[in-house]
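Let's walk through a ligand site together, one question at a time. Here is the model to keep beside you.

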Amino acid sequence: MPDCLFCKIVNKEIPSDIVYEDDQVLAFRDIEPQSPVHILVIPKEHFASILHIQSENFELLGHIFQVCNQLAHEFDIDESGFRIVNNCKEDGGQTVNHLHFHLLGGRKLAWPPG
Ligand code: AMP
Ligand code: ZN
């Protein structure tokens with residue numbers, strides 16, 4: 001999708017600190033980390049939000065969560081715990097309209113979110 005920041009990151013037109021990549025998924029460090037571990041896990045294919053996911057994409061979604069699981073172990077937050085967040089649209093705080101999951105950990109996270 002032209003003019004999509006995360007599509008540009010997928011296409012390596014914009015540099016990012018990549019921590020995982022395969023043919024379907026890219027994971028990179030958030031540029032403004034909110035916790036010691038703050039990784040964005042995204043599908044390489046452009047979906048504007050979780051609302052654009054359909055049944056044919058369920059396998060991809062499962063794979064994304066599997067990558068989150070793997071990264072949680074790799075970044076040593078599997079024992080302490082972590083949070084996977086998807087912000088959707090304005091009230092959810094979504095600022096980049098390319099589906100992404102925040103993997104946050106390395107400190108005690110507050111609940112409920114602000
Ligand atoms: P959201 O508010 O859920 O849409 O999350 C978008 C996230 O993308 C924010 O946490 C930003 O800090 C992050 N972000 C924006 N630009 C970049 C970039 N160039 N590289 C890495 N992360 C970015
Ligand atoms: Zn995109």
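Q: How far does a backbone N or O atom of Ile 31 lie from a nitrogen atom of ligand 1?
A: Keep in mind that this is a predicted model. A polar contact needs a pair of N or O atoms within 3.5 Å. The pair formed by a nitrogen atom of ligand 1 and a backbone N or O atom of Ile 31 is 3.1 Å apart.

Q: Which residue has a side chain with an N or O atom 2.5 Å from an oxygen atom of ligand 1?
A: Thr 95 places a backbone N or O atom 2.6 Å from an oxygen atom of ligand 1, but the question is about a side chain. The side chain with an N or O atom 2.5 Å from a ligand oxygen belongs to Asp 30.

Q: Which element gives the largest share of the shell around ligand 1?
A: The shell has 16 residues, and by class these are seven nonpolar, six polar and three charged. The elements that give two or more residues to the shell are H1 and E2. The largest share, three residues, comes from H1.

Q: What is the volume of the largest pocket?
A: This is the space that ligand 1 takes. Its lining has 34 residues, with Asp 30 and His 102 among those nearest the centre. The volume of the largest pocket is about 790 Å³.

Methods. Residues numbered from 1 in each chain as written. Chains lettered and ligands numbered in written order. Predicted model: local features only at pLDDT ≥ 70, side-chain atom pairs only at ≥ 80, totals over all residues. Heavy atoms only, no water. 1 Å grid on protein atoms, 1.4 Å probe; cavity = no way out; pocket = protein on both sides within 12 Å on 5 of 7 lines; lining within 4 Å. Points joined across faces, edges and corners; volume = space filled by probe spheres on them. Near = heavy atom within 4 Å. Polar contact = N/O pair within 3.5 Å; in protein donor to acceptor, adjacent residues only side chain to side chain. Sits in = over half its atoms within 2 Å of the grid points. Helix = DSSP H or I, 4+ residues; strand = E, 2+ residues; numbered from the N terminus. Nonpolar A, V, L, I, M, F, W, Y, C, P; charged D, E, K, R; others polar.
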